[in-house]
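Open the model in your viewer and keep the sequence panel beside it. The stops below say what to select and what is there.

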Amino acid sequence: MPDKDKPLLEVKELKKYYPLTAGITSRHIGDIKAVDGVSFSVGEGESLGLVGESGCGKSTLGKTILRLEEPTGGKIIYKGTDITTLDKKALRQLRKEIQIIFQDPEASLDPRMTIGQSICEPLVIHNIGDDREREEMLVWLLEKVGLEPNQASLYPHELSGGQKQRVGIARALALNPKLIVADEPVSALDVSIQAQILNLMLDIQNQMGLSYLFIAHDLSVIKYVARRIAVMYLGKIVELAEREALFGNPLHPYTEALLSSVPTLIPGARKRVLLIGEVPSPLNPPPGCRFHPRCPHVMPACRQEEPALIEVSQGHSVACHLHRS
Ligand code: ADP
Ligand code: MG
């Protein structure tokens with residue numbers, strides 16, 4: 001049985017800045033602080049949801065964990081080993097265990113490769129099995145994601161969006177990973193297909209004891225798949241809690257605003273809190289609390305002092321001056 005309390009992945013004060021340069025001398029004029037000091041852990045067999053508006057740094061965080069982007073600071077610890085500065089060879093090993101599923105199944109598949117070739121490519125790259133074993137593996141993977149063996153010879157353009165994402169999932173599963181970073185895996189799909197793919201991912205998780213870092217901007221998707229949820233705003237986690245606590249007792253005004261934008265069937269069930277203004281730029285984040293220019297409860301301290309993420313009750317952390325003990 002997977003041990004949900006034993007962290008598989010720990011991220012500590014992780015930062016990813018993109019330098020901004022200008023002029024012919026490429027003068028450094030600032031940094032886009034896409035991820036700016038993020039800490040959390042994912043247990044074995046757990047799915048942690050990561051939610052926030054577009055541009056808040058979710059994809060950058062996911063890619064940095066996989067070392068597809070080099071971290072600017074902080075630590076990534078996988079199974080107790082610091083993987084922040086692994087060399088290429090060790091990274092190759094790691095890539096077997098941590099996989100990513102992208103938002104756009106179209107863009108993540110090579111149009112010149114058959115479905116079968118795409119799914120088997122990770123096995124070929126890692127030199128796993130002979131032709132016959134790969135063939136067997138392919139049939140198993142296709143079945144796992146609800147595709148027919150004869151669909152292996154099709155090309156991506158011959159499949160629907162949902163089928164393509166099933167291929168993306170099969171490809172991610174080929175190396176028998178422990179952790180999958182799923183970056184908005186259903187955002188590009190029709191609503192009618194979304195639940196099918198989410199159910200498939202949950203079934204596979206149960207069968208294989210996988211952990212997910214499940215990224216979405218859509219709270220209803222996150223609510224469906226994640227037991228524990230981190231809310232991200234402008235490069236930072238502002239609230240982290242179990243699903244029931246987050247939805248039943250949101251503490252951060254940003255979380256409250258996000259929740260109130262989810263339609264409910266009960267009229268007047270939740271007072272609508274509208275998010276005013278645009279998301280500020282991660283190039284020049286506001287001083288103090290990054291949410292203060294849009295916050296309905298802003299106080300003088302919020303403009304000056306950045307609130308730390310503090311655990312205010314068992315398993316429920318928030319970064320907000322309203323909730324300082
Ligand atoms: P999300 O996935 O939450 O929509 P992203 O992680 O894609 O957000 O982006 C976070 C911020 O980092 C955005 O302001 C984006 O423009 C910036 N960004 C992302 N990738 C790069 C890059 N390669 N170079 C410069 N800026 C980037
Ligand atoms: Mg993204």
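The tour goes from a sheet to a ligand and then to a hairpin.

This is a predicted model, in which local features need pLDDT of at least 70 and side-chain atom pairs count only at pLDDT 80 or more, while totals for chains, interfaces and linings use all residues. Residues are numbered from 1 along each chain as its sequence is written, chains are lettered from A and ligands numbered from 1 in the order in which they are written, and side-chain values use heavy atoms, with hydrogens and water left out.

**Stop 1: the open sheet**

Select the strands β6, β7, β8, β3, β9, β10, β12 and β11; in that order, these eight form an open sheet with mixed pairing. Helices (H or I, at least four residues) and strands (E, at least two) are DSSP runs, numbered from the N terminus. Two strands pair if DSSP finds at least two bridges between them. β6 (98-101) and β11 (310-313) each have a single partner strand, so one side of each has no neighbour in the sheet. From one strand to the next, the twist averages 20°.

Now select β11 with β12 (residues 316-318): three bridges pair them in the antiparallel sense. The bridge partner of E311 in β12 is S317.

**Stop 2: two helices across the sheet**

Select α2 (residues 88-97), which lies across β6 and β7 (179-183) and runs at about 60° to β6. Contact here means heavy atoms within 4.5 Å. Axes are lines fitted to C-alpha atoms, for helices over the stretch in contact, and angles run from 0 to 180 degrees between N-to-C directions.

**Stop 3: ligand 1**

Select ligand 1 and the residues near it (a heavy atom within 4 Å). Among them are Y18, I32, E53, K58 and P282. Which element gives the most to this shell? It is α1, with three residues.

Look next at the polar contacts (pairs of N or O atoms within 3.5 Å). An oxygen atom of ligand 1 is 2.6 Å from a polar backbone atom of G55, and an oxygen atom of the ligand is 2.9 Å from an N or O atom in the side chain of S59.

**Stop 4: a hairpin**

Select β4 (residues 73-78) and β5 (residues 81-82), which run antiparallel and are joined by two bridges. Y78 stands opposite T81 in β5. Two residues lie between the strands of this hairpin, and K79 in the turn has a positive phi of about 50°.

Note on methods: Polar contact = N/O pair within 3.5 Å; in protein donor to acceptor, adjacent residues only side chain to side chain.
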